[in-house]
Amino acid sequence: MKYPNSGFFYFGKSLGDCLLHQNNGRFDLTYYLHRRAIYQFEGRVKVEYLSKLHKILFLGSRRYDLAHFTDQYLRLRPHRVKGKKIVTVHDINFMHENLPAKKVNKKLNRLTRFIGMCDKVVTISHFVAQDIVKHIPSAQGKIEVIYNGADKLVVAEGHVPAYTPANPFLFTIGHVAPKKNFAVLPALLHGNNYELVIAGIETPYKDEILAEAKKWNCEDRIKIVGTVSDEDKAWYYKNCLAFVFPSIAEGFGLPVIEAMHFGKPVFCSTHTSLPEVAGDAAYYFKSFDAEDMQQTFAEGLRHFAENNGAEKAIAHAAKYNWDETAKQYLALYAEVLAG
């Protein structure tokens, strides 16, 4: 939880808060945090701070009956803890990103080793569960699916982001990197006056997006705003014409649900977990062919307006609730401890 503009930050903050809210004294909880974590749970829980030495020696190895490693990077190594162990695996996107085989094998072997040390593996979608079993057959029988919740963001009264579009605009958010596939989006600005606002940590992939914008003669209508605050993000969700998310590698796809909370039409890819999470409340780009995307977008906007799309989107988003997620994790802790 050192970096605020990451999915892991919001997972840790939201699940951590709701575990405390739902626990009711059931378990004696300790949270393991980076010293520079920007959210410290306001003294509501005992905290153990990350140290580089913990990769070599963890003095609390016998202190806990159960350790929950909340993502697949396991900064505290499982073999350093003697109690029962659970790991949440958010994705194995490295299998879908066209990485060199040597790098893929290294990541897969590492995750296989860590999963072998744990009693249970939680995945945040059925897609991730199936992906793990496909590539790590030894995980069969250990996996439980617990969906993430999705925070309902609030627009602060009077708040306006530094950049406010002058025209109707499409919005997307995420690491500005190849797996997010944002370079296919400028085609949606053809034949209209729409703008596109992209929020997220910038990488050299930005140049590919701008090159595509030049191709479609819409460079002046694309704004890459970098990382944004929750207040900015909420404003963009609330005021956008549509949320567009053509990602090709997602373990869950939280932004699509955040946008639905605001009753917005969501357009996303059919890749990895997105159809499972967004369900029939979203519209899907069947391919990334420009003409096909333009047609899907135009027909989707029309269908959304004519069929109470906002109401359906809001109802779908309400299914993803962090308190329910926390209850399922607490039940799993009890099950593993009793096993």
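Biologist: How many residues does the largest nonpolar core have?
Modeller: This is a predicted model, with residues numbered from 1 along each chain as its sequence is written; local features need pLDDT of at least 70, side-chain atom pairs count only at pLDDT 80 or more, and totals for chains, interfaces and linings use all residues. A nonpolar core is a set of buried Ala, Val, Leu, Ile, Met, Phe, Trp, Tyr and Cys residues joined through side-chain atoms within 4.5 Å; buried means under 20% relative accessible area, exposed over 50%, partly exposed in between (1.4 Å probe, protein chains only). Phe171 and Met260 are among the residues with the most contacts inside the largest core, and its size is 34 residues.

Biologist: Which element supplies the largest share of this core?
Modeller: Helices (H or I, at least four residues) and strands (E, at least two) are DSSP runs, numbered from the N terminus. Strand 7, helix 5 and helix 9 are among the elements that each supply at least two core residues. The largest share is 5 residues, and they come from helix 6.

Biologist: Why does the pair of tyrosine 147 and tyrosine 320 get its label?
Modeller: Rings of Phe, Tyr and Trp (its six-membered ring) pair if their centres lie within 6.5 Å; planes under 30 degrees apart count as stacked, over 60 as edge-to-face and the rest as tilted. Here the centres are 5.8 Å apart. The planes stand at 80 degrees, so the label is edge-to-face.

Biologist: How many residues apart are these two tyrosines?
Modeller: Tyrosine 147 lies in the loop between strand 6 and strand 7. Tyrosine 320 lies in the loop between helix 9 and helix 10. The pair links distant parts of the chain, 173 residues apart.

Biologist: Which ring does the charged end of lysine 233 sit over?
Modeller: A charge sits over a ring if NZ of Lys or CZ of Arg is within 6 Å of the ring centre and within 35 degrees of the ring normal. The charged end of lysine 233 is 4.4 Å from the centre of the ring of tyrosine 10.

Biologist: What is the strand order of the open sheet with 4 strands?
Modeller: Two strands pair if DSSP finds at least two bridges between them. The edge strands, strand 3 and strand 6, each pair on one side only. The pairing is parallel, and the order is 3-4-5-6.

Methods: Side-chain values use heavy atoms; hydrogens and water are left out.
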